[in-house]
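I opened the notebook today to look through one model, residue by residue and helix by helix. My entries below follow the order in which I looked things up.

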Amino acid sequence: ATTEIYTLSLHDALPISNNLRAALDPSVLAMSCEVLLKELENAAGQPILLVIDDLDKSREENAQADIFIDRAMAWIRLPCGVIATLPYDALFSSRANEIDQVWGDIQVLDPWTVPDLVEGGPWDESLQPYLGLLRGVGATDIITPHQCRKLAHAASGLPRAFINACGTCVRYALEAGENHVRDYQVDLVLRDLTDKWRGRLNDSDYKALISVLDSGGSNVPKAIKMLRDGILIRDASAAEEKVFRLASWAVPLVEAYRKRNESRPAVAE
């Protein structure tokens, strides 16, 4: 039988500070969800699966462990599962084994395929998910397939990053009094993205990124913030040595940092 899938975002369900969230008993919320799910199941005449999306919605480590490990039984009573968008073992570090014991095999979502920046036409298979998003909101007359390709390449497989970039392009077009996005507006959005992070990343951020890339992913906990922000991307479907990669727009920033370090004079010990 077909299974109806509903999603519950912990961030949306409990829109309070992480410190207060850690002190809450999720049992009441879980009981309310249980009643709601039974009503949905009766109305749909089909089984219901609750997907908790996702582990990193709460960014305070104590709250994460409290909600998903220490008081996980409040959720396990429901027909539910957990989906993560970044490696949960890096997120929970030393308590990752406990997560495995409580929740079993947690599905970590892989990013979409990244279209080549130059090759391929509008029927390119890797471009279809992105064009599908545009068609879904009637935006194919506003953003061309070529512009979609550039934005999809910059998004590096992250649907949220693609949607945000498209929204910014549309805003620029509206501000300019245009009825569709111009190429220069796409270029401006991509430049803004790089410029924004050029001012935010510091030496420790660059070192964490390079450590993960050069080690094949063995130092991921050091770069967990960059994983959350979409600067570092995990793609388990890629070749083993390329499971962790940079977002395309971040590559020039990291390469420039490497060159700056190479040109610095060695410091005598």
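This is a predicted model: local features need pLDDT of at least 70, side-chain atom pairs count only at pLDDT 80 or more; totals for chains, interfaces and linings use all residues.

Entry 1, Ile-69. Ile-69 is buried, with a relative accessible area of 9%; buried means under 20% relative accessible area, exposed over 50% and partly exposed in between, with a 1.4 Å probe and protein chains only. Leaving aside neighbours within four places in sequence, I noted Gln-64, Phe-92, Arg-95, Glu-98 and Ile-99 as the residues in contact with Ile-69, contact meaning heavy atoms within 4.5 Å. Glu-98 is 29 residues from Ile-69 along the chain, and the C-alpha atoms of the two are separated by 6.9 Å.

Residues are numbered from 1 along each chain as its sequence is written, and side-chain values use heavy atoms, with hydrogens and water left out.

I recorded 14 helices and 6 strands, and of the 269 residues 38% count as buried. The accessible surface comes to about 15,200 Å², of which 53% belongs to carbon and sulfur atoms; the areas come from the Shrake-Rupley method with a 1.4 Å probe, and for residues only the protein chains shown count as cover. Among contacts with a separation of 6 or more, 65% are accounted for by residues 24 or more positions apart.

Is Arg-149 buried or exposed? Arg-149, which lies in helix H9 (residues 145-155), has a relative accessible area of 4% and is therefore buried. Not counting residues up to four places away in sequence, Arg-149 touches Pro-115, Asp-116, Leu-117, Glu-119, Gly-120, Gly-121, Asp-124 and Leu-127.

The axes of H9 and H10 come within 8 Å and cross at roughly 135 degrees; axes are lines fitted to C-alpha atoms, for helices over the stretch in contact, and angles run from 0 to 180 degrees between N-to-C directions. H9 and H10 are therefore oblique to each other, given that angles under 35 degrees count as roughly parallel, over 145 as roughly antiparallel, 65 to 115 as roughly perpendicular and the rest as oblique. H9 passes H10 in a right-handed crossing, a crossing being right-handed if the near helix is turned clockwise from the far one by less than a right angle, and left-handed if anticlockwise. Cys-148, Leu-151, Ala-152 and Ala-155 of H9 make the contact with Ala-161, Phe-162, Ala-165, Cys-166 and Cys-169 of H10.

Although Ser-156 is not a glycine, it has a positive phi of about 60 degrees. I wrote beside this that most residues other than glycine have a negative phi.

The axes of helix H8 (residues 128-136) and H10 come within 11 Å and cross at roughly 50 degrees, so H8 and H10 are oblique to each other. The crossing of H8 and H10 is right-handed. Tyr-130, Leu-133 and Leu-134 of H8 make the contact with Phe-162, Ile-163 and Cys-166 of H10, and by class this contact has 6 nonpolar, no polar and no charged residues.

Which residues of H10 and H11 meet? From H10 they are Ala-165, Thr-168, Cys-169, Tyr-172 and Ala-173, and from H11 they are Gln-185, Val-186, Leu-188, Val-189 and Asp-192. By class, the contact of H10 with H11 has 7 nonpolar, 2 polar and 1 charged residues. The axes of H10 (residues 159-175) and H11 (residues 183-198) come within 9 Å and cross at roughly 125 degrees, which makes H10 oblique to H11.

Methods. Helices (H or I, at least four residues) and strands (E, at least two) are DSSP runs, numbered from the N terminus. Ala, Val, Leu, Ile, Met, Phe, Trp, Tyr, Cys and Pro count as nonpolar, Asp, Glu, Lys and Arg as charged, and the others, Gly among them, as polar.
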